[in-house]
Amino acid sequence: MENIPDSGPALIVYYHGAIPIDYYYFLAKVIILKGRTCHSVADHILFKMPGFRLLLEVFSVIHGPREECVRALQDGHLLGISPGGVREALLSDHTYQLQWGKRTGFAQVAIDSRPIIPMFTQNVREGFRSLGTLSNF
């Protein structure tokens, strides 16, 4: 938390687990301790869900074209990005290799912004895998 600036832009890079609960707690902590909101990038499919767009706007969620991300940072906001996003959240495990393909917009946002703050969190996905095996008892 000490690396989060009290004002001005910063790019927060985090791991997107199956349910990124650690990121949700992080967002709450930023509001409580820093008095700031953090814009977050979410998959564009969420914006197509009926009635969900308003909720996303209230929580400062953007769909993340590179230009919109850079604009949020230029406007002095914190911005949370999870490279790989939903694909890695749903398909990854401890042997998964990140698949960037032609998706390099996040890297360009990082180049275009300063400072960059990596947020290291535990992979909560493993907890869900363990709980899934409990149903066999």
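Residues are termed buried when their relative accessible area is under 20% and exposed when it is over 50%. By this criterion, the face of helix 1 turned away from its buried side carries the exposed residues Tyr25 and Ile32. The structure described here is a predicted model.

The secondary structure of the chain amounts to 6 helices and 5 strands, which follow one another from the N terminus in the order β-α-β-α-β-α-β-α-α-β-α. Of the 137 residues in the chain, 34% are buried. Among contacts with a separation of 6 or more, 70% are accounted for by residues 24 or more positions apart. The chain exposes about 8800 Å², of which carbon and sulfur atoms supply 61%.

The pLDDT averages 77 over the chain, and 67% of the residues score at least 70. Confidence is highest in strand 2, at 93, and lowest in helix 6 (residues 125-134), at a mean of 50. Where pLDDT is low, the predicted coordinates should not be read in detail.

Helix 1 comprises 14 residues, 21-34, and reaches 19 Å from its first C-alpha to its last, close to the 20 Å expected at 1.5 Å a residue. Its buried residues are Asp22, Tyr23, Phe26 and Val30. Seen down the axis of helix 1, these buried residues fall within an arc of 95°, so they line one face of the helix. An α-helix has 3.6 residues a turn, so residues three or four places apart point the same way. Helix 1 is followed by glycine 35, which has a positive phi, near 70°.

Not counting residues up to four places away in sequence, serine 40 touches Tyr23, Leu27, Ser60, Val61, Ile62, Leu79 and Gly80.

One of these partners, Ser60, is found in the loop between helix 2 (52-58) and strand 3 (61-62). Serine 60 also counts as buried, because its relative accessibility is 16%. Most residues other than glycine have a negative phi. Serine 60, although not a glycine, has a positive phi of about 55°.

Technical notes. Residues numbered from 1 in each chain as written. Predicted model: local features only at pLDDT ≥ 70, side-chain atom pairs only at ≥ 80, totals over all residues. Heavy atoms only, no water. Helix = DSSP H or I, 4+ residues; strand = E, 2+ residues; numbered from the N terminus. Expected span 1.5 Å × (residues − 1). Buried < 20%, exposed > 50% of the residue type's maximum accessible area, 1.4 Å probe, protein only. Arc of directions from axis to C-beta. Contact = heavy atoms within 4.5 Å. pLDDT = per-residue confidence, 0-100. Areas by Shrake-Rupley, 256 points an atom, 1.4 Å probe, with all protein chains shown as cover.
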